[in-house]
Amino acid sequence: MIPKPRMPDLLHGPSTQIGKPVRRVDGRLKVTGAAKYAGEFNVPGLLYGYIVSSTIAKGRIARLDTSEAMKLPGVIHVFTHENRPDLAWLDRKWKDQDSPRGSPFRPLYDDRILHSLQPVALVVAESLELARYGARLVEVEYEAEPHQTSLVMNRDITFAPGKEKGGFEPPPPPRGDPDGALAGAEVKVDVEFTQAPEFHNPMELFASTVVYHDDGTLTVYDKTQGVLNTQSYITKVFNLPSSGVRVLSPFVGGAFGSGLRPQHQLFMAVMASTVLKRSVRVEMSRPQMFSFGHRPETWQRVALGAKRDGILTAMIHEAVQECSQFENYVEIVVNWSGQQYKCDNVRLDYKLSRLDVHTPLDQRAPGAATGVPALEIAMDELAYQLRMDPVDLRLKNYAEIDPNTGKPFSSKELRACFEKGAERFGWYRRQLEPRSMREGRELIGWGMAAGVWDAMQGQASAKAVLGVDGKLVVSSATADIGTGTYTVMTQIAADLMGLPIEDVTFELGDSSLPQSPIEGGSWTVSTVGSAVKAVCDIIRSRLIALAGKMNGSSLGGASEDEVMFAEGHIIVKDDPGRRVAIKDVMRAAELTVIEEKALSVPYALARMKHTLGTHSAIFAEVRVDEELGTVRVTRVVSAVAAGRIINPKTAGSQISGAVVWGLGMALEEEGLTDHVLGRYMNHDLAEYHVPVNADIHDIDVIFVEEHDEVVNPLGAKGVGEIGIVGVPAAISNAIFHATGVRVRDFPITVDKIRAGMRLHLM
């Protein structure tokens, strides 16, 4: 059932758990090694599969010889497109919860090669080592065809994607006369940016362990951000009933969007298991983690026009992103620019360019992490031309309502983010001129940027079971990819029911649990948390009704609005001495358990009338070695407005981790492609650089107070994405302030800084 919304009094009493920095309830399991991941579940007779990957980017398989691999004792089977089972597959009519428009990639479908490292065979053996060795003996000959893997070379061959139901929103139509306003602007900036491909690279490799039961049913342990999505994929492709496939994913060792779609190791493992009628595990190697989705390579142009007092008069933001030959992956890259600042003359344009690569994939703050930094760097350049403080320029063009839609924001405390972030950082001690701050051989630079992300909510269900012993178990088929879902949902339920945290258990990662969408987009707290609140509200109502029927109840017929739940009791708010224990209420009603289920849906009308989002202001300090061009990011202050913060400890960790990744985006992460071979050259963690401990210094996170009674019943917004948006721009702007060198080709590596410094000194 769908309970009626209770907007004004969100938690019906004083909060005992929400807002507290509660330690992760799953922390002990993780640090002791008791938490098991998809590739760690063992069963008797388990077989192991190893994937053979293509060595060309485009063409066909001319010959495939598996005979030498099959001669090895212990090799059970080698699957190829020539001997795979007939399957239902997927077509354009079916979409998983995160698939773009087009035909999804079908492993071992035919002899066509669509991208480098495409799986072309699976060797199944009695041990992983044997399967891996057998994969080396599989001989594959190709007929290569000319390929195109360079966005720079293909940037002019583009198309505009259409609107997708429940998905991509094309840029809003132009307003005013942006080209004319730009041409006549008193001050203008017109610059181009490039962003290299970036890869998720979570610590846990993608793995699927498929347990085959005697009755033909499957238990699948999968690395995924949505067990129901995985279950749906398996049942559709292999034509199996939902009752015959149970998917479990209790722990995920990082994903960042890479687990939103089922990856090909899942297909391989299920295929092998159903054909061989054995339990099978398939795990990707680290190089194979570069064989599927990634943050797409992007080209952007941002042009800004302004009056000499800083008022924006023109804004043009154009972007071209790569996509595959078989799917139209899209991101919201340019729309944010039309929302971020007031401007009467705006044109936003977004196009795709087809390359011979795998379909890109959502990666932490997809679109915003690419588009917002381009805008924020251009705003910094405009500020320097105007000789205006970058914060003051943003405040001068502050949007009180959404310029794209004309709707008010449900809440927007970005001004407070600027104020509190600048104060904590000491921003106004900054000298305006580049190269004006130094210490020894290091040039010191201070930069800042703003960030924005959606505050989304989906539909979800939750179940709650309250025992007469006072223990509560709440469940939903969501995921915890390291963000703290276990902990936050436990806090919400404990708070609502007035129970100690240790008496509440939250269960997730099981397809047999109540429906929940994939965990992504920073919507899990608002979506699943609202479902947890809804089911707890139902149990609260039942308990209050039962308490009213007790002989001699001290509640004296008090209504729901007059009571609160705390310390395992139902208590009259105005007279705390009038209380009754929850256990006593259940015993009086002769109940051993109370079990309820609830569905939570977004407040459609209220949300339709508002723009919902999170906002941030990021301040960064860098130190650049004047001779070597090396960069150290020594301080970052991130001030975030994200509604009610359920757990400042886990939320703060989310923001800190996002800042680290933002540093990686700005300075290190880059998929380097050999366009002759059409493949990534640095497909390992030795050559693909990510931030390490030595790269990270002081990170200070501030959550500004923000009340929102529109976004969801909890007033909470997600923080996973907003933490990274704007960080690359703040670091880039700080590098310019330190050196006078503006690098618009991300990542900003030493060679680019040194080249710019040489030009600067000429």
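Q: How many cavities of 30 Å³ or more does the count come to here?

A: Rolling a probe the size of a water molecule over the atoms shows where empty space is left. A cavity is a set of points, on a 1 Å grid over the protein atoms alone, where a 1.4 Å probe fits but cannot get out; points are joined across faces, edges and corners, and a volume is the space filled by probe spheres set on the points. By this rule there are 7 cavities of 30 Å³ or more. The model is predicted, so local features need pLDDT of at least 70 and side-chain atom pairs count only at pLDDT 80 or more, whereas totals for chains, interfaces and linings use all residues. Residues are numbered from 1 along each chain as its sequence is written, and side-chain values use heavy atoms, with hydrogens and water left out.

Q: Which residues are closest to the centre of the second largest cavity?

A: That cavity has a volume of about 160 Å³, and of the 19 residues that line it (those with an atom within 4 Å of a point), D356, V357, H358, G678 and Y680 are the closest to its centre. The lining divides into 7 nonpolar, 8 polar and 4 charged residues, where Ala, Val, Leu, Ile, Met, Phe, Trp, Tyr, Cys and Pro count as nonpolar, Asp, Glu, Lys and Arg as charged, and the others, Gly among them, as polar.

Q: At what angle do helix α6 and helix α7 pack?

A: Helices are DSSP runs (H or I, at least four residues), and strands are runs of E of at least two, numbered from the N terminus; axes are lines fitted to C-alpha atoms, for helices over the stretch in contact, with angles from 0 to 180 degrees between N-to-C directions. Helix α6 (residues 227-238) and helix α7 (residues 264-276) pack at about 50°, with axes 11 Å apart. The two helices are therefore oblique to each other, since angles under 35 degrees count as roughly parallel, over 145 as roughly antiparallel, 65 to 115 as roughly perpendicular and the rest as oblique. Their contact (heavy atoms within 4.5 Å) includes Y233 and I234 of α6 and F267 and V270 of α7, and by class it has 8 nonpolar, 2 polar and no charged residues.

Q: Where is P747 found, and which residue does a cis peptide bond join to P747?

A: Most residues other than glycine have a negative phi, and most peptide bonds are trans. P747 lies in the loop between β31 (745-746) and α18 (750-761), and the cis bond joins F746 to P747, with omega about 5°.

Terms used. 1 Å grid on protein atoms, 1.4 Å probe; cavity = no way out; pocket = protein on both sides within 12 Å on 5 of 7 lines; lining within 4 Å.
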